[in-house]
Amino acid sequence: MDDVKFETLSPDEARAFLTLIAKDMLPVSVPVDKTLVQTAALPFYEDYKFYALTDMSLPPPNIRYLLYKPGDVVLMNWTNSPIYEVNEKAPIKLDRKSLVEYAKFFFHFVRGQLGRFIIVEKPEDVEWLDTANEKEKAEVAAHIKPVTYKGIGRDNLFTLTAYVIFKNALFRTDIKVAPYELDVMDPETKMPEHFSIGQMKLTNEDLLIEDLHVPVAAAPGEFG
């Protein structure tokens, strides 16, 4: 993910860090002397840093990810649970700028068994199969735009508009994000829906183009 800027720890720093978190990682273990450790600050967390652990004894994919602050290790598992857990503890800090970065982080590291939502902001973000032609590439390029902040709606949720690829189709969708814990009336069910801080929901999906010649993401495995 290009928006996360990693710094690589020295071998001694990596060894010390892996030794420090070894017990909290169980039952997962990583080879202390064969793991590349990289770290990045995230604008929406003040206390937690993001880590990538690349097991050099294995071929790609061979990277595990975790969120960490001293005394707490939260291993990522491609579901929203680790992120929502840290949102409650950190707590998460959301504003106009960090909200967009949070949404892109969330959709990159949360991947469903039936596919993943890939945010695309520019033509280079789209991964094409060799069978794709220039016409469909140009059509997609004409549609997509950067993630746009729309403000806080009457439902008291932040709203973003984004262009996403799901399976082999391009959609425009609104992304609703809770700025704090609250209940929101669902317009379809007419029932209150509880949101935890930082919880997301896609609404107003608009199918733009389908049957694209793009690779369909497989179900997530252990590594990324």
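Reader: Where is the place of Asp211?
Author: This is a predicted model. In it, Asp211 is in the segment after β12, the strand that covers 200–209.

Reader: What is the phi of Asp211?
Author: Its phi is positive, about 60°, although Asp211 is not a glycine. Most residues other than glycine have a negative phi.

Reader: Changing topic: which peptide bond is cis, with omega near 0°?
Author: That is the bond from Pro60 to Pro61. Pro61 is in the loop between β3 and β4. Another cis peptide bond joins Ala90 and Pro91, where omega is about -15°. Pro91 belongs to the loop between α2 and α3.

Reader: What else lies in the loop between β3 and β4?
Author: Met56 does; the loop runs between β3 (49–55) and β4 (63–69). Met56 has a relative accessibility of 52%, so it counts as exposed.

Reader: What does Met56 touch?
Author: Leaving aside residues up to four places away in sequence, Met56 touches Lys34, Leu36 and Asn62.

Reader: How far apart are Met56 and Leu182?
Author: Met56 and Leu182 are separated by 126 residues in sequence and by 44 Å in space, taken from C-alpha to C-alpha.

Reader: On to the helices: at what angle do α2 and α3 pack?
Author: The angle between α2 (residues 81–89) and α3 is about 145°, and their axes are 10 Å apart.

Reader: Which residues make that contact?
Author: Ile83, Tyr84 and Asn87 of α2 meet Tyr102, Phe105 and Phe106 of α3. By class, five residues of this contact are nonpolar, one is polar and none is charged.

Reader: Why is α3 described as largely enclosed?
Author: Of its 14 residues, 10 are buried, so α3 is largely enclosed by the rest of the structure. The buried residues of α3 include Tyr102, Phe105 and Phe106, and these three also take part in the contact with α2. Ser98 and Lys104 are among the buried residues of α3 as well.

Reader: What should the residues of α3 span?
Author: At 1.5 Å a residue, its 14 residues should span 20 Å, and the end C-alpha atoms of α3 are 21 Å apart, which agrees.

Reader: Finally, what is the volume of the largest pocket?
Author: The largest pocket has a volume of about 750 Å³.

Reader: How many residues line it, and which lie nearest its centre?
Author: The lining of the largest pocket has 29 residues, and those nearest the centre are His108, Arg116, Ile118, Ile119 and Asp125. Helix α3 (96–109) and strand β6 (117–119) each supply at least two residues of this lining.

Reader: How does the lining divide by class?
Author: The lining of the largest pocket has 17 nonpolar, 10 charged and two polar residues.

Technical notes
Residues numbered from 1 in each chain as written. Predicted model: local features only at pLDDT ≥ 70, side-chain atom pairs only at ≥ 80, totals over all residues. Heavy atoms only, no water. 1 Å grid on protein atoms, 1.4 Å probe; cavity = no way out; pocket = protein on both sides within 12 Å on 5 of 7 lines; lining within 4 Å. Points joined across faces, edges and corners; volume = space filled by probe spheres on them. Helix = DSSP H or I, 4+ residues; strand = E, 2+ residues; numbered from the N terminus. Nonpolar A, V, L, I, M, F, W, Y, C, P; charged D, E, K, R; others polar. Axes fitted to C-alpha atoms, helices over the stretch in contact; angles between N-to-C directions. Contact = heavy atoms within 4.5 Å. Expected span 1.5 Å × (residues − 1). Buried < 20%, exposed > 50% of the residue type's maximum accessible area, 1.4 Å probe, protein only.
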